[in-house]
Amino acid sequence: MSVIENKEQDLQGISTQLLEPAKRATSPYLQIGTESSIIIRWTTDTPVQGKVWYGKDPDQLCLTQEETIITCNHIVKLNELTPDTKYYYAIGTQAEIQTCGTENYFFVTAPSAQAVEIRPLRILVLGDAGRGNEIAAQVRDGYLKFTGSRHTDLWLMLGDNAYDIGTYEEYQRGIFQMYPQLLRTSVLWTAIGNHDGGCANSVLQTGPYYELFSLPSNGEAGGVPSGTAAYYSFDYGNIHFICLDSYGSEREPEGEMLTWLKRDLALANHDWKIAFWHHPPYTKGSHDSDFEIELIEMREHVLPILEEAGVDIVLGGHSHSYERSYLINGHYGTSDSFTTQMKKDSGSGREDELGSYQKPHSGSHTGTVYIVAGTSALADVVSPHPAMYTSLSIPGSLVLDVQSKKLDVTFIDTQGEVQDYFTLRKC
């Protein structure tokens, strides 16, 4: 049976009541942020015509953008923005401002890729975070303690963003009530997981996941248009991001997703290439990459394409563990087929130990670091996979700090303490 048939069959029998929007308003959240535009979304309990006020001074929101329809689901795009600039905003209706544009409501546009020097960038990564539980709150607070006053430029969610089956109410609990501060100030980019897919269909682009999130299917944030929100790419400064759908889209080498992936990577010439999706190619945590079909096919079919294009980091969730590989290349089989020759660097990648992982600025099969970061709401027992430098059963979040040709990766626990770290450098 095909992936499409499986997903259509999975949706049969789901109560249509689950697919109706929750009757609860959301605070504003930011989507598809580029150097010149951004989307501000929110929902209201009753239909209204939405309006956004914005400007570079929180006390002088002189610019406005209105919706042309009356709705509960508000999507307002702001255009002609200045790159790498902080804007403040407020939302409401034609009649009044409902959420005030104080200093707590702002966004920062992406820096231009053509800038002579791009400022340091910070990216938060959460995997399997959508339980809306105490652990998720602790992980959130640990990150906020760690980052302090430093702005989060963007954040990635690696799937299973809403447990158990991805209903509107579960997204309320798992995302909108859990991360209001991040949602209103930092652009969120999401990947779909198997739990999100309980009420969503990637082929038909239906269900809460596809209705709640705006994703760049038309290449409006850089990269080659994918024609679908299930998988997409975008640029931010000197980084090219690729998000794949490991659950609901075809994973065959000649299928639409991987055909698009090859075209997209062929045109990507940024300093850094980072890919993310839900099912990790290597794991020995709550899931085992030797036996599950999604993990096997992503490893066998996707990794050769990414490594040929010189992708630097691959992020996944699904397993409720933190696992981080060496700088490796060329392992597409089961764990018992991994050899030391597949390690491009057998060290820790830590600059205060044996030194950072070094990669040439361009070239094929120069090494990739694979990370499982599925502990943002639950941590299960994990065993060592031979490709992994370290494996931890600790709730936490992942932080990527990028400055020019240096990329620092840090795993943060619920207390805001560093539990793993390494550095990649381009030479």
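This is a short exchange about a predicted model and the terms used to describe its parts.

Visitor: What does the record say about residues 121–322?
Guide: UniProt, in an unreviewed entry, places the feature "domain: Calcineurin-like phosphoesterase" there. Over residues 121–322 the chain is 31% helix and 17% strand. The end C-alpha atoms of that stretch are 23 Å apart.

Visitor: Why is Lys 426 called buried?
Guide: Buried means under 20% relative accessible area. Lys 426 has 11% relative accessibility, so Lys 426 counts as buried. The residue lies in strand S24, residues 418–426.

Visitor: Which residues does Lys 426 touch?
Guide: Leaving out residues up to four places away in sequence, Lys 426 touches Asp 271, Trp 272, Asp 312, Lys 359, Pro 360, His 361 and Lys 405. Contact means heavy atoms within 4.5 Å.

Visitor: How far apart are Lys 426 and His 278?
Guide: They are 148 residues apart in sequence. In space, C-alpha to C-alpha, the distance is 27 Å.

Visitor: How do you know that the length of helix H7 agrees with its residue count?
Guide: H7 covers residues 293–308, which is 16 residues. At 1.5 Å a residue, the helix should span 22 Å. The end C-alpha atoms are 23 Å apart, which agrees.

Visitor: Where does H7 bend?
Guide: At Val 302, by about 40 degrees. A proline, Pro 304, follows within four residues. Just after H7, Gly 310 takes a positive phi of about 75 degrees.

Visitor: What makes H7 a mostly covered helix?
Guide: The count of buried residues: 12 of its 16. Among them are Leu 295, Ile 296, Met 298, Val 302 and Leu 306.

Visitor: Why are S12 and S21 called edge strands?
Guide: Start with the sheet. It is open, has seven strands, and runs in the order S12-S13-S14-S15-S20-S16-S21, with mixed pairing. Strand S12 (232–236) and strand S21 (388–392) each have a single partner strand, so one side of each is left without a neighbour in the sheet. The twist averages 15 degrees from one strand to the next.

Visitor: How do you know that S14 and S15 pair?
Guide: Pairing needs at least two bridges. Three bridges join S14 to S15, and the two run parallel. Ile 274 stands opposite Ile 313 in S15. H6 packs on this sheet, touching S12, strand S13 (239–243) and S14. The direction of H6 makes about 180 degrees with that of S13.

Visitor: What is the strand order in the open sheet of three strands?
Guide: S1-S2-S5, with antiparallel pairing. Strand S1 (26–31) and strand S5 (71–78) stand at the edges, each with a single partner strand, so one side of each lacks a neighbour in the sheet. Neighbouring strands here are turned by 25 degrees against each other on average, direction ignored.

Visitor: What makes S1 and S2 a pair?
Guide: Four bridges join S1 to strand S2, residues 38–48. Two would be enough. The strands run antiparallel. In S2, the bridge partner of Gln 31 is Ile 39.

Visitor: What makes the backbone at Asp 84 and His 318 worth a look?
Guide: Most residues other than glycine have a negative phi. Asp 84 has a phi near 50 degrees, a positive value. His 318 has a phi near 75 degrees, also positive. Asp 84 lies in the loop between S5 and strand S6 (86–93). His 318 lies in the loop between S15 and strand S16 (322–325).

Visitor: Which residues does a cis peptide bond join?
Guide: Tyr 163 and Asp 164, with omega about 15 degrees. Asp 164 is found in the loop between strand S10 (154–157) and helix H3 (168–176).

Conventions:
Residues numbered from 1 in each chain as written. Predicted model: local features only at pLDDT ≥ 70, side-chain atom pairs only at ≥ 80, totals over all residues. Heavy atoms only, no water. UniProt positions renumbered as here; feature names shortened; annotations may be inferred. Axes fitted to C-alpha atoms, helices over the stretch in contact; angles between N-to-C directions. Expected span 1.5 Å × (residues − 1). Bend = angle between axes of the 7 residues up to and from the residue. Buried < 20%, exposed > 50% of the residue type's maximum accessible area, 1.4 Å probe, protein only.
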